[in-house]
Amino acid sequence: QVQLVESGGGLVQAGGSLRLSCAASGIIFSSYAMGWYRQAPGKQRELVATITSGGITTYADSLKGRFTISRDNAKNTVYLQMNSLKPEDTAVYYCNAAIRILTSPHNYWGQGTQVTVSS
């Protein structure tokens, strides 16, 4: 059974920092691309950042320079370091694990963790 468990969310003032963690189980973690997505109230879920099994990272253009994704394969955990937070970063942040086996994509999601940035 695949489980992705996010933690580290909370309430922070604008300009502050948070580090989110996502612990994975039930998958061969090192083989999966991992990602963070977020969904603000009334908006669609959007990409925040991804990291491939080989460690290549991508970011939403608007977040480059403030957010950093990383992974620790020994701990089956992916992280999202968020700095200089803004009220518009307020959202539920979701962890994603993705892999393509032959032609079939497989995606798994965590339950989400709330991040609230006060002005």
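**Paired strands and their turns**

In the hairpin formed by β4 and β5, six residues lie between the strands, and Gly42 adopts a positive phi near 80 degrees. Strands here are DSSP runs of E with at least two residues, numbered from the N terminus. This is a predicted model, in which local features need pLDDT of at least 70 and side-chain atom pairs count only at pLDDT 80 or more, while totals for chains, interfaces and linings use all residues. Residues are numbered from 1 along each chain as its sequence is written, and side-chain values use heavy atoms, with hydrogens and water left out.

Strand β4 and strand β5 (residues 46–51) run antiparallel and are joined by five bridges; two strands count as paired if DSSP finds at least two bridges between them. Within this pairing, Met34 is placed opposite Ile51 of β5. Ile51 also has a bridge partner in β6, namely Thr57. The strands β5 and β6 are antiparallel as well, with three bridges between them. They form a hairpin with five residues between the two strands, and Gly55 in its turn has a positive phi of about 95 degrees.

**Salt bridges around Asp89**

A salt bridge is counted where a side-chain nitrogen of Lys or Arg is within 4 Å of a carboxyl oxygen of Asp or Glu. By this rule there are four salt bridges. One of them joins the side chains of Asp89 and Arg38, with an N to O distance of 2.9 Å. Asp89 lies in the loop between β8 (77–82) and β9 (91–101), whereas Arg38 belongs to strand β4 (residues 33–39), so this pair ties together parts that are 51 residues apart in sequence. Both Asp89 and Arg38 are buried, a term that denotes under 20% relative accessible area, while exposed denotes over 50% and partly exposed the range in between (1.4 Å probe, protein chains only).

Asp89 also meets Arg66 in a salt bridge, at 2.8 Å from N to O. This pair links distant parts of the chain, since Arg66 is in the loop between β6 (57–59) and β7 (67–72) and Asp89 is in the loop between β8 and β9, 23 residues apart. Arg66 and Asp89 are both buried. Through shared partners, salt bridges connect Arg38, Glu46, Arg66 and Asp89 in one network.

**An exposed pair**

Lys64 and Asp61 form a salt bridge through their side chains, with 3.3 Å from N to O. Lys64 counts as exposed, at 52% relative accessibility. Asp61 is likewise exposed, with a relative accessible area of 64%.

Methods
Helices (H or I, at least four residues) and strands (E, at least two) are DSSP runs, numbered from the N terminus.
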